[in-house]
Amino acid sequence: MDYLYAPWRSEYFGSKQDLCVFCAISEGLNLHTNTKQDLSLSDEANCVFYRDSKIFCVMNKFPYTPGHFLILPHTHTHSPELLDLDTWLHLQTFAQKGVALLKEFGASGINLGMNIARAGGAGIPEHLHLHLVPRYIGDTNFFTTIGDTRAYGVDFNKIFKHIQTLSKTHFLKH
Ligand SMILES: [Zn+2]
């Protein structure tokens with residue numbers, strides 16, 4: 001299961017800027033054009049489907065399974081105990097909502113996890129992020145199939161749109 005929480009691939013972002021990639025998404029940098037935009041535009045380009053004052057949710061561009069997304073605080077911090085408690089609890093509330101969302105998306109199971117520091121397996125250890133990985137019966141075969149994730153890219157935007165739609169009911173209700 002190690003590879004399930006393997007790091008994001010660095011080529012995702014082309015890393016042209018020194019800014020932390022998650023801070024860049026948080027602040028509205030379109031990662032494809034490397035330009036700052038209105039959040040409504042950059043979020044669409046970066047596949048961010050939810051944001052509020054404390055957190056945001058973004059699709060993992062190189063998913064382990066279809067529907068894999070991340071929940072992150074806007075705050076740039078590398079370990080949970082450094083995050084203010086309100087934000088931490090808010091994030092965990094959305095983890096619950098995210099699980100419900102993924103069940104409706106069609107997941108048979110879900111992995112929920114956060115890798116702390118490089119030794120903990122974090123690809124971008126400087127900015128906390130919680131993985132929500134939907135699992136499907138027999139999906140271990142799928143992992144090898146998507147070894148070249150580009151093959152899967154065709155459906156990526158469709159899945160983003162589906163998750164985005166589901167988030168409107170799951171994430172906005174109180
Ligand atoms: Zn950051």
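Predicted model: local features only at pLDDT ≥ 70, side-chain atom pairs only at ≥ 80, totals over all residues.

User: Let's start with H3. How far apart are its end C-alpha atoms, and what span should we expect?

Analyst: H3 covers residues 85-105, which makes 21 residues. At 1.5 Å a residue, that helix should span 30 Å. The model agrees, since the end C-alpha atoms of H3 are 30 Å apart: 30 Å.

User: Which residues of H3 are buried, and how are they arranged around the axis?

Analyst: The buried set is Leu91, Phe94, Gly98, Leu101 and Leu102. Looking down the axis of H3, these buried residues fall within an arc of 90°, so what they line is one face of the helix.

User: What covers the buried residues of H3?

Analyst: Several strands do, including S4 (55-59), S5 (69-73), S6 (109-114) and S7 (130-135). A helix is also among the cover: H5 (156-170).

User: Now H2. Which of its residues are buried, and within what arc do they fall?

Analyst: In H2 (residues 39-46), the buried ones are Ser42, Asp43 and Asn46. Seen down the axis of H2, they line one face of the helix, because they fall within an arc of 100°.

User: Which residue just after H2 takes a positive phi?

Analyst: Its phi is about 65°. The residue is cysteine 47.

Methods: Residues numbered from 1 in each chain as written. Helix = DSSP H or I, 4+ residues; strand = E, 2+ residues; numbered from the N terminus. Expected span 1.5 Å × (residues − 1). Buried ≥ 20, exposed ≤ 12 C-beta atoms within 10 Å, placed from the backbone. Arc of directions from axis to C-beta. Contact = placed C-beta atoms within 7 Å.
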